[in-house]
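I opened my notebook to look at a new model. I wanted short notes that I could follow again later.

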Amino acid sequence: MAPPSNRRPGFSRRAQYRRFIGYVIAATGVAVAAVLMLISTLSPGAFSPLRGAARDLTTPLSSGMDTVRGWFGSMTGSIGEHFGAVSENRRLKQQLADSRRLVLQARTLGRENRRLRALLRLRDRNPDTVAVARLVSSSAGSTRRYAVLNAGSRQGVRQGQPVRGPNGLIGRVLETGFNNARILLIIDPESVVPVRRTRDGMPAIIVGRGDGLVEVRAASVANAPFLSGDVFVTSGTGGIYPPNIPVARVVRNASDSSVARVFASPDTADFAMVQQVFMPEAPPAAAGEAIPQAGDGDE
Amino acid sequence: MSGSLSADIDRADRWRRAYWLAPVTVMLGSMLTLLPFVATIPILPPFGLMMLIGWRLLRADLFQPWSPLLLGLFDDLISGQPFGSAMFFWTACYLTVDMIDSRLVWRDLWHNWAIGAGAIGITLVGERIVSTPLVANVDIALLLQIVASIALLPLVFRLCAHLGGRGQKT
């Protein structure tokens, strides 16, 4: 069926002019939008107040729906758990027996470590938790990997703070609104996390791939071998992420760089902890006074 | 007689209702990204754009040529793509569809499907190039997203027709 053609709005001059001006506005708008797109590509934070305000309105909506998803999510999960309960029970018993020995060993090591650190008078920065909130939505239609957190500047969340879940590192805060924050997930192609291998402390960086996995690249050694099952934790280099947060496990043997799977897979992570920046940059003016004060306060 | 009269009134109602329903449904399509799940790959079709193209192909009188700018602005605010990208690609697609529509003498479902597929493909590939570094490993997921979106297009056309397009202008 041919649709009614709306090409010519009749013989009214006024209607024809209005239509023409409409096209002029649209063409100008395309040019303006191209400039906006360029600006936001060159400086990604340029429009963050605007987007933050929009998310302030939409985040309550997402978190409201999140409770509903919670019911359904737990329902399907419990049905799945019902089958395979016996085999899982057997497997878990075996795992428990295996790990008992490791736990004993780790306890002794932990005690010894504390004693040695006290001897060295090593001062640790214990990163404080700023806020605990839910990841409520994400950029599901985009090739970038962002998530929206249900806590913002009102809860003390600031730009650049690391975000972790119970299993491992999730990402860091990119921009904040009043009651929400946008998180750059570590699986995003533009995320870089300095890490080290738990086995031997080899430094590496973990870069997002964009397809749900991450890539581990050796930071210093050439031809460094990666073995399937190698675990990487944050190293604290760079000062954003606190050390020793689990990040990813290598899935394939390779040298120089390999593919890894993150521990805190964001589709299962519901709760996220926002922590203080590990080593915040000192403000330049107060830097001279801050150092003796920190020394006095410690005694 | 009375049955056909009430059907006529219903049809006219739908026709008028579409003037505010069309922008609202496009915005609802954009808002599907607010659904509470955290995706690890791009899986959500661009429902806002699909509704826009669906309405445009059904009825040319619903939107002004500059309406996609405002609808794209709304999409940009919540989608997480670079600001201005939906404004740019949506308006460019809309104007291109306008141009194609003026050249074609008549269209059927296959024409509409092809036009919609072109709009989706250009927008998704364009936004990928603008937003994500070229070395990123997202192309297979993006391809799946495009194919899934194109497969869903007839449903979107059907939805638009159901919501307010069928029947003649009274």
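Which residues of chain A does UniProt list for "transmembrane region"? I looked up the unreviewed entry, and it lists residues 20–39 of chain A. I noted at once that this is a predicted model.

**Entry 1: the listed stretch.** I checked residues 20–39 of chain A for secondary structure. The chain there is 100% helix and 0% strand. I also looked up the distance between the end C-alpha atoms of this stretch, and they are 29 Å apart.

**Entry 2: where the chains touch.** I looked up the contacts between the two chains next. On one side there are 49 residues of chain A, and they are in contact with 47 residues of chain B. Which elements of chain A each supply at least two residues of the side that touches chain B? I found two helices, α1 (13–42) and α2 (48–82), and two strands, β1 (129–138) and β2 (146–149). Of these, α1(A) gives the most to that side, with 12 residues. I then sorted the residues of the side of chain A that touches chain B by class. I got 24 nonpolar, 16 polar and nine charged.

**Entry 3: domains of chain A.** I looked up the domain assignment. It gives domain 1 as 87–124 and domain 2 as 129–275. The centres of these two domains of chain A, taken over C-alpha atoms, are separated by 24 Å.

**Entry 4: chain B overall.** How many helices and strands does chain B have? I counted six helices and zero strands. Along the sequence, the pattern of chain B reads α-α-α-α-α-α. I then checked the overall dimensions. Along the principal axes, the C-alpha atoms of chain B fill a box of roughly 65 × 40 × 25 Å. Why does the radius of gyration of chain B agree with a compact globule? A compact globule with 170 residues would have a value near 15 Å, and chain B has 17 Å, so I noted that the two agree.

**Entry 5: one helix pair in chain B.** I picked helix α3 (residues 67–79) and helix α4 (residues 85–103) of chain B. Their axes come within 7 Å and cross at roughly 145 degrees. Is the crossing of α3(B) and α4(B) left-handed or right-handed? I wrote down right-handed. Then I listed who makes the contact. From α3(B) I noted residues including Pro68(B), Leu69(B) and Asp75(B). From α4(B) I noted, among them, Met87(B), Trp90(B) and Tyr94(B). By class, the contact of α3(B) with α4(B) has eight nonpolar, four polar and two charged residues.

Terms used. Residues are numbered from 1 along each chain as its sequence is written. Chains are lettered from A and ligands numbered from 1 in the order in which they are written. This is a predicted model: local features need pLDDT of at least 70, side-chain atom pairs count only at pLDDT 80 or more; totals for chains, interfaces and linings use all residues. UniProt positions are given in the numbering used here, feature names are shortened, and annotations may be inferred rather than shown by experiment. Helices (H or I, at least four residues) and strands (E, at least two) are DSSP runs, numbered from the N terminus. Two residues are in contact if their C-beta atoms, placed from the backbone, lie within 7 Å. Ala, Val, Leu, Ile, Met, Phe, Trp, Tyr, Cys and Pro count as nonpolar, Asp, Glu, Lys and Arg as charged, and the others, Gly among them, as polar. Axes are lines fitted to C-alpha atoms, for helices over the stretch in contact, and angles run from 0 to 180 degrees between N-to-C directions. A crossing is left-handed if the near helix is turned anticlockwise from the far one by less than a right angle, and right-handed if clockwise. Domain bounds come from an automatic or database domain assignment. The radius of gyration is taken over C-alpha atoms; the globule rule is 2.2 Å times the number of residues to the power 0.38.
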